[in-house]
Amino acid sequence: MFCHLCWSGHQCNSLPLAGRAGQLAFFKANTIAAAWTGVQKQEVVCKRLDDNSVVQNNYCDPDSKPPENQRACNTEPCPPEWFIGDWSECSKTCDGGMRSRTVLCIRKIGPSEEETLDNTNCLTHRPIEKEPCNNQSCPPQWVALDWSECTPKCGPGFKHRIVLCKSSDLLKTFPAAQCQEESKPPVRIRCSLGRCPPPRWVTGDWGQCSAQCGLGQQMRTVQCLSYTGQASSECPETLRPPSMQQCESKCDSTPISNTEECKDVNKVAYCPLVLKFKFCSRAYFRQMCCKTCQGH
């Protein structure tokens with residue numbers, strides 16, 4: 001038996017097919033197109049003559065194998081189409097957020113090259129770029145109010161604030177147990193407004209003069225107080241103000257009536273000295289030490 005080698009329907013040399021009696025084969029060219037390359041190529045295969053099935057190339061005469069030709073195809077521009085990117089992460093994990101993606105009108109101009117066109121060039125409906133996401137309600141959360149002023153006004157102290165368990169829209173207040181205790185913000189922090197002033201002497205008003213007429217004494221309170229008004233023992237004694245001072249009351253010059261009892265003023269303790277230094281001739285001392293000065 002002989003193998004008839006043919007290409008494109010033309011019969012050529014007849015050669016014996018060694019070891020394969022009764023089988024004939026020939027080369028046949030099939031045209032195939034390569035995707036996005038714009039080129040059509042001819043694929044040359046070895047086929048049997050009787051049933052047109054593909055066999056190995058060594059059954060055909062290699063000298064009769066035609067070249068694998070190629071030609072340009074689909075030279076017209078590709079139609080524009082929408083390029084759709086991946087969705088971004090949602091802007092919120094709950095209570096409704098938004099996510100977005102890139103949507104472009106593009107046209108392929110090569111195997112790995114494309115150009116971006118105006119959206120009007122794509123004839124189909126434009127896919128959405130944004131959409132809502134994570135619309136489920138958020139769980140209750142801690143909401144901290146403003147800090148109070150530091151107390152006390154100086155030295156180490158604390159600031160306080162109120163922390164509430166609120167809904168995500170802040171319209172409802174829930175029991176604290178509905179919020180996570182481990183994430184609760186602090187309600188108290190340490191603070192300091194600087195060093196406190198030292199304790200100081202504080203004096204009261206002067207009291208009434210002890211003498212109703214002439215010289216006497218008047219008293220006042222003197223206290224060592226801290227900046228909070230508490231009693232303290234840290235005031236320097238050298239700076240302590242006096243708690244007693246001499247005073248003088250104006251005397252009445254009207255002579256003592258014979259009907260009035262002649263006596264020394266109890267609050268005056270120096271009448272013996274008045275007599276000793278002969279001051280009884282003076283109206284003031286004679287009135288204050290009436291009994292002592294009587295007859296002198």
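Q: Is C179 buried or exposed?
A: C179 counts as buried, because its relative accessibility is 6%; buried means under 20% relative accessible area, exposed over 50% and partly exposed in between, using a 1.4 Å probe and protein chains only. Keep in mind that this is a predicted model, where local features need pLDDT of at least 70, side-chain atom pairs count only at pLDDT 80 or more, and totals for chains, interfaces and linings use all residues. Residues are numbered from 1 along each chain as its sequence is written, and side-chain values use heavy atoms, with hydrogens and water left out.

Q: Which cysteine does a disulfide join to C179?
A: That's C165, with an S to S distance of 2.0 Å. A disulfide here is a pair of cysteine sulfur atoms within 2.5 Å. C165 lies in strand β14 (residues 163-166) and C179 in the loop between β15 (173-174) and β16 (188-192), so the pair ties together parts that are 14 residues apart in sequence. Strands (E, at least two residues) and helices (H or I, at least four) are DSSP runs, numbered from the N terminus.

Q: And is the link of C165 and C179 right-handed or left-handed?
A: Right-handed, with 85° about the S-S bond. C165 is buried too, with a relative accessible area of 2%.

Q: How many disulfides does the structure hold?
A: There are 12. One of them joins C105 to C122, S to S 2.1 Å. C105 sits in strand β9 (residues 103-110) and C122 in the loop between β10 (113-117) and β11, so this pair ties together parts that are 17 residues apart in sequence. The torsion about their S-S bond is about 100°, so the disulfide is right-handed.

Q: What about C280 and C293, right-handed or left-handed?
A: Left-handed, because the torsion about the S-S bond is about -70°. C280 and C293 are joined at an S to S distance of 2.0 Å, and both are buried. C280 lies in the loop between α1 and α2, and C293 in helix α3 (residues 290-293), so parts 13 residues apart in sequence are tied together.

Q: Switching topic: which residues are in the largest nonpolar core?
A: It has 9 residues: C213, C271, V274, C280, Y284, F285, M288, C289 and C293. A nonpolar core is a set of buried Ala, Val, Leu, Ile, Met, Phe, Trp, Tyr and Cys residues joined through side-chain atoms within 4.5 Å. Two elements give two or more residues to this core, α1 (271-276) and α2 (283-288). The most comes from α2, with 3 residues.

Q: What does C289 touch?
A: Not counting residues up to four places away in sequence, C289 touches D264, C271 and V274. Contact means heavy atoms within 4.5 Å.

Q: OK, now E131. Where is it, and which side chain does it join in a polar contact?
A: E131 is in strand β11 (residues 130-133). Its side chain has a polar contact of 2.3 Å with that of R99. A polar contact is a pair of N or O atoms within 3.5 Å; within protein, one must be able to donate a hydrogen and the other to accept it, and residues adjacent in sequence count only if both atoms are side-chain atoms.

Q: Last one: what pLDDT does the protein chain average?
A: The average is 82, and 83% of the residues score at least 70. pLDDT is the predictor's confidence in each residue, from 0 to 100. Over residues 1-23 it stays under 50.
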